[in-house]
Amino acid sequence: MKTEIQDYNNSQTPDDKKICDLLGSEIHAFLHEAESKIWHRHPVWFLDGNPVAGYSKLKDSVRLLFWSGQTFEESGLQNEGSFKAAEKRYTNVDQINTDDLKRWLEKARTIQWDYKNIVKRKGVLIRLK
């Protein structure tokens, strides 16, 4: 995992750090071909310049976000925002089901909307995969 992402995880409370460490290591291992970086102050993984997965600390939880997650058709994810994103929120590391996480990450790899060019297309999303 990149130092800047580990620094982000280390800046969290002990309980939230456990959540971030597990999410970060699982995402990094599963999406090994992805570029990862701190983007808009949060860890995000990109495939071909397109954001696919990331997490962020919210006031009361850690949010795992999949940019194309609404298209995954997964009952464990909640719709987020007005585009195609979906999320799962955690307050304890024991809530993370790694089998679900791996299935969602595989879908993040194979189901993608073109967020990379959303500004150029004036807010219109086009499905890539």
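Trainee: What should I know before I start?

Mentor: Residues are numbered from 1 along each chain as its sequence is written, and side-chain values use heavy atoms, with hydrogens and water left out. The model is predicted, so local features need pLDDT of at least 70 and side-chain atom pairs pLDDT 80 or more, while totals for chains, interfaces and linings use all residues.

Trainee: How many aromatic pairs does the structure hold?

Mentor: Rings of Phe, Tyr and Trp (its six-membered ring) pair if their centres lie within 6.5 Å; planes under 30 degrees apart are stacked, over 60 edge-to-face, and the rest tilted. Here there are six aromatic pairs. One of them is Trp39 with Trp67, tilted, at 6.1 Å centre to centre and 45° between the planes.

Trainee: Which parts does that pair tie together?

Mentor: Helices (H or I, at least four residues) and strands (E, at least two) are DSSP runs, numbered from the N terminus. Trp39 sits in strand E1 (residues 35-39) and Trp67 in the loop between strand E4 (62-66) and strand E5 (78-79), so the pair joins parts 28 residues apart in sequence.

Trainee: Are Trp39 and Trp67 buried or exposed?

Mentor: Buried means under 20% relative accessible area, exposed over 50%, and partly exposed in between (1.4 Å probe, protein chains only). Trp39, at 30%, is partly exposed, whereas Trp67, at 14%, is buried. Phe66 and Phe72 make another tilted pair, 5.6 Å centre to centre with 55° between the planes; Phe66 is buried at 0%, and Phe72 is buried at 3%.

Trainee: Which residues touch the most other members of the largest nonpolar core?

Mentor: Such a core is a set of buried Ala, Val, Leu, Ile, Met, Phe, Trp, Tyr and Cys residues joined through side-chain atoms within 4.5 Å. In this 26-residue core, they are Leu23, Tyr55, Leu64 and Phe66. Elements giving it two or more residues include helix H2 (14-30), strand E3 (50-57) and helix H3 (98-110). Another core, of six residues, lies apart from it, with Leu65, Trp67, Ala85 and Tyr115 among them. Tyr55 also belongs to a cluster that ring pairs make with Tyr8 and Trp45.

Trainee: What about a charge over a ring?

Mentor: Look for NZ of Lys or CZ of Arg within 6 Å of the ring centre and within 35 degrees of the ring normal. Lys37 lies over the face of Phe46, 4.9 Å from the ring centre.
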